[in-house]
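Visitor: I am new to reading structures like this one. Please take me through it feature by feature.

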Amino acid sequence: MVKGVNKTVIEVNNTGSRYFEKIVFYVTPQYGNLSAKQLKRAASTFSFNFDNAMTRKPLRKKYHHKKIIIFSLISLGVAIATVGLIILL
């Protein structure tokens, strides 16, 4: 079905990605009045960073647990220090 709607489309042929050979972007109407240079820069930034985003490793649970343990120990130290000061006064 063909609709009579005017859309701004950017087609990126050289994606720099090993996954995609071509990417088509449909620009949101409120940003359709930006210059072609700005739109191309935004599209290429997105497409060239896609592979990097896919290869990022998620945070390890071990690291997350270390942060919780350190925070708990600091909180415990502050609580003990507070109780000690109250007793001394």
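Guide: Start with Thr8, which is found in the segment before β1. Strands (E, at least two residues) and helices (H or I, at least four) are DSSP runs, numbered from the N terminus. This is a predicted model, in which local features need pLDDT of at least 70 and side-chain atom pairs count only at pLDDT 80 or more, while totals for chains, interfaces and linings use all residues. Residues are numbered from 1 along each chain as its sequence is written, and side-chain values use heavy atoms, with hydrogens and water left out.

Visitor: Is Thr8 buried, partly exposed or exposed?

Guide: Buried means under 20% relative accessible area, exposed means over 50%, and partly exposed is in between, using a 1.4 Å probe and protein chains only. Thr8 has a relative accessible area of 31%, so Thr8 is partly exposed.

Visitor: Which residues does Thr8 touch, not counting those up to four places away in sequence?

Guide: A contact means heavy atoms within 4.5 Å. On that basis Thr8 touches Phe25, Tyr26, Val27, Gly32 and Leu39. Thr8 and Gly32 are 24 residues apart in sequence, yet their C-alpha atoms are 6.1 Å apart in space.

Visitor: What elements does the chain have, and in what order do they run?

Guide: There are 2 helices and 2 strands. From the N terminus on, the order is β-β-α-α.

Visitor: Which residues make up the largest nonpolar core?

Guide: In soluble globular proteins, nonpolar side chains tend to be buried together. A nonpolar core is a set of buried Ala, Val, Leu, Ile, Met, Phe, Trp, Tyr and Cys residues joined through side-chain atoms within 4.5 Å. Here the largest one has 7 residues: Ile10, Val12, Ile23, Phe25, Val27, Leu39 and Ala43. β1, β2 and α1 (36-55) each give two or more residues to this core. Across the chain, buried residues make up 12% of the 89 residues.

Visitor: How many salt bridges does the structure hold?

Guide: A salt bridge is a side-chain nitrogen of Lys or Arg within 4 Å of a carboxyl oxygen of Asp or Glu. The structure holds 1. Lys22 pairs with Glu11, and their closest N and O atoms are 3.6 Å apart.

Visitor: Why does this pair tie together parts that are 11 residues apart in sequence?

Guide: Because Lys22 lies in the loop between β1 (9-12) and β2 (23-26), while Glu11 is in strand β1. Lys22 counts as partly exposed at 45% relative accessibility, and Glu11 counts as partly exposed at 46%.
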